[in-house]
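Subject: Structure handover

Hi,

Here is the structure I promised you. Please open it before reading on.

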Amino acid sequence: MSMRKIGILTSGGDSPGMNAAVMSVARSAAYYGIPLVGIKRGYNGLLRKRLDIREDLQELHLETVLDIADEPGTFLRTARCDEFRDPKYREIAVQTLRAMEIDGLVVVGGDGSFNGAKCLCEMGVPTIGIPGTIDNDLGYTEMTLGYDTAVNVCVDAIRKIRATSRSHDRPAVVEVMGRHCGDIALTAAVSTGSEIVVVPEVPWKVEDVARQLKRQLAKGNTRATIILAEGCYSAMAPFDLYGYLTTHGKPCYEGEPMSAVRFASVMKRMCGMVEARATVIGYVQRGAEPTARDSSFAFEAGNLAVRLLRDGISNQVIGMQKGRVMYMPIDEALRVKKRFNRRIYDLVNSL
Ligand code: F6P
């Protein structure tokens with residue numbers, strides 16, 4: 001069956017390169033003479049939440065898309081969509097796609113979005129996934145779209161933080177995003193020569209990190225950087241933050257969770273330092289212009305997505321293996337366990 005129209009949506013947290021992927025899908029669809037419909041705010045755009053369906057589904061013209069290609073964020077907007085877990089809402093989505101004569105769908109998003117795509121495939125909608133997330137938390141692919149940019153934003157920020165750390169002989173704590181995955185933290189740490197990295201994949205104790213930092217101080221390194229992955233607190237051994245800080249002259253509220261700022265206060269006191277400051281990089285990582293690596297992945301992935309749909313191949317996700325763009329069935333891809341690079345982790349933490 002030839003495709004009457006292709007739809008595209010971006011879903012989950014935005015990631016640098018999403019617009020480049022949309023541009024590539026638009027150029028490829030135009031090349032093959034297939035009209036492209038942009039769906040707003042992820043799966044929400046298929047649920048008929050607005051009175052006029054055209055507010056959520058609009059034909060994407062090359063003229064518009066060419067202008068947004070290098071911009072950060074996502075022109076199509078994005079959102080998480082809890083309703084999509086419910087088959088009743090997925091049925092509405094399928095009806096919307098049929099009503100709009102959309103015969104194939106490209107979903108750019110992370111694992112949650114891929115689960116939605118898998119359900120649509122099972123309901124007979126040919127779907128292709130492009131892994132758009134900064135987190136690099138999908139086991140089947142060497143990189144996700146936005147990861148390289150997010151790492152480079154962190155590297156840039158950490159280098160600047162290390163410069164001021166050096167000036168003041170002051171250690172620093174930097175927290176980076178990545179949800180439950182430590183890849184951004186690990187790659188940023190090894191790329192900047194940071195001395196300590198703490199990730200959710202490896203259980204850890206506050207006292208052990210303090211010991212590591214003291215070892216650096218004893219060696220004369222007064223400006224070490226500790227990189228914390230935002231998900232690392234889930235792997236932290238129980239620590240009485242309230243008890244420790246209140247008995248060491250720092251007010252804090254009972255039951256307060258550990259955070260980068262509190263962690264810096266604890267390190268300062270455990271290691272007897274004059275000062276230790278924390279920086280949380282956060283959304284800067286997501287809102288950056290895509291690097292060449294992310295943009296080129298987006299370009300190849302977008303084109304492959306359209307070619308697959310045109311050739312009647314669907315229910316696949318696109319990724320990168322051994323440096324080459326590839327595709328594989330969604331359900332198989334979702335079963336591949338994410339591996340963590342323990343060798344690099346040990347290297348960073350041991351020197
Ligand atoms: O999945 C991308 C990501 O930026 C994670 O790194 C982070 O944990 C999460 O999204 C933040 O989500 P929100 O957009 O809800 O703040």
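This is a predicted model: local features need pLDDT of at least 70, side-chain atom pairs count only at pLDDT 80 or more; totals for chains, interfaces and linings use all residues.

**Aromatic rings**

A pair of aromatic rings is described by the distance of the centres and the angle of the planes. This structure holds five aromatic pairs. Take Y43 and F84 to begin with. Their ring centres are 4.0 Å apart and their planes meet at 15°. Planes under 30 degrees apart count as stacked, so Y43 and F84 form a stacked pair. The two residues come from distant parts of the chain, 41 residues apart. Y43 is in the loop between β2 (36-39) and β3 (57-59). F84 is in the loop between α2 (62-68) and α3 (87-99). Both Y43 and F84 are buried.

F340 and Y345 make another pair. Here the centres are 5.9 Å apart and the planes stand at 65°. Over 60 degrees counts as edge-to-face, so that is the label for F340 and Y345. F340 is buried, and Y345 is buried too.

Two charged side chains also sit over rings. K40 lies over the face of F75, 5.7 Å from the ring centre. R310 lies over the face of Y32, at 4.2 Å from the ring centre. Keep R310 in mind; it returns under salt bridges.

**Helix α6**

Is helix α6 (residues 183-192) mostly covered or mostly open? It is mostly covered: seven of its ten residues are buried. Those residues are D183, I184, A185, L186, A188, A189 and T192. What covers them? The cover includes two helices, α5 (147-168) and α12 (342-350). It also includes the strands β6 (172-176), β7 (196-198) and β8 (225-229). Just after α6, G193 takes a positive phi of about 70°.

There is a nonpolar surface patch to look at as well. V190, L347 and L351 make it, and its area is about 270 Å². L347 lies in helix α12. Its relative accessible area is 40%. Buried means under 20% and exposed over 50%, so L347 is partly exposed.

**Salt bridges**

Side chains of opposite charge can pair when their charged atoms come close. The structure holds 19 salt bridges.

- E195 and R162: the closest N and O atoms are 2.9 Å apart. This pair links distant parts of the chain, 33 residues apart. E195 is in the loop between α6 and β7, and R162 is in helix α5. Both E195 and R162 are buried.
- E55 and R50: the side chains meet at 3.7 Å, N to O. E55 has 41% relative accessibility, so it counts as partly exposed. R50 is partly exposed as well, with a relative accessible area of 33%.
- R310 and D311: the side chains meet at 3.0 Å, N to O. R310 counts as partly exposed at 37% relative accessibility. D311 is also partly exposed, at 47%.

Salt bridges that share partners also join R4, E101 and D103 into one network.

**Where to start**

Begin with the stacked pair of Y43 and F84. Then turn to α6 and the elements that cover its buried residues. Finish with R310, which lies over the face of Y32 and forms a salt bridge with D311.

Best wishes

Conventions. Residues are numbered from 1 along each chain as its sequence is written. Side-chain values use heavy atoms; hydrogens and water are left out. Rings of Phe, Tyr and Trp (its six-membered ring) pair if their centres lie within 6.5 Å; planes under 30 degrees apart count as stacked, over 60 as edge-to-face and the rest as tilted. Helices (H or I, at least four residues) and strands (E, at least two) are DSSP runs, numbered from the N terminus. Buried means under 20% relative accessible area, exposed over 50%, partly exposed in between (1.4 Å probe, protein chains only). A charge sits over a ring if NZ of Lys or CZ of Arg is within 6 Å of the ring centre and within 35 degrees of the ring normal. Contact means heavy atoms within 4.5 Å. Patches are made of residues with over 30% relative accessible area and no salt bridge: like charges are joined within 9 Å, nonpolar side chains (Val, Leu, Ile, Met, Phe, Trp, Tyr) within 5 Å. Accessible areas come from the Shrake-Rupley method with a 1.4 Å probe; for residues, only the protein chains shown count as cover. A salt bridge is a side-chain nitrogen of Lys or Arg within 4 Å of a carboxyl oxygen of Asp or Glu.
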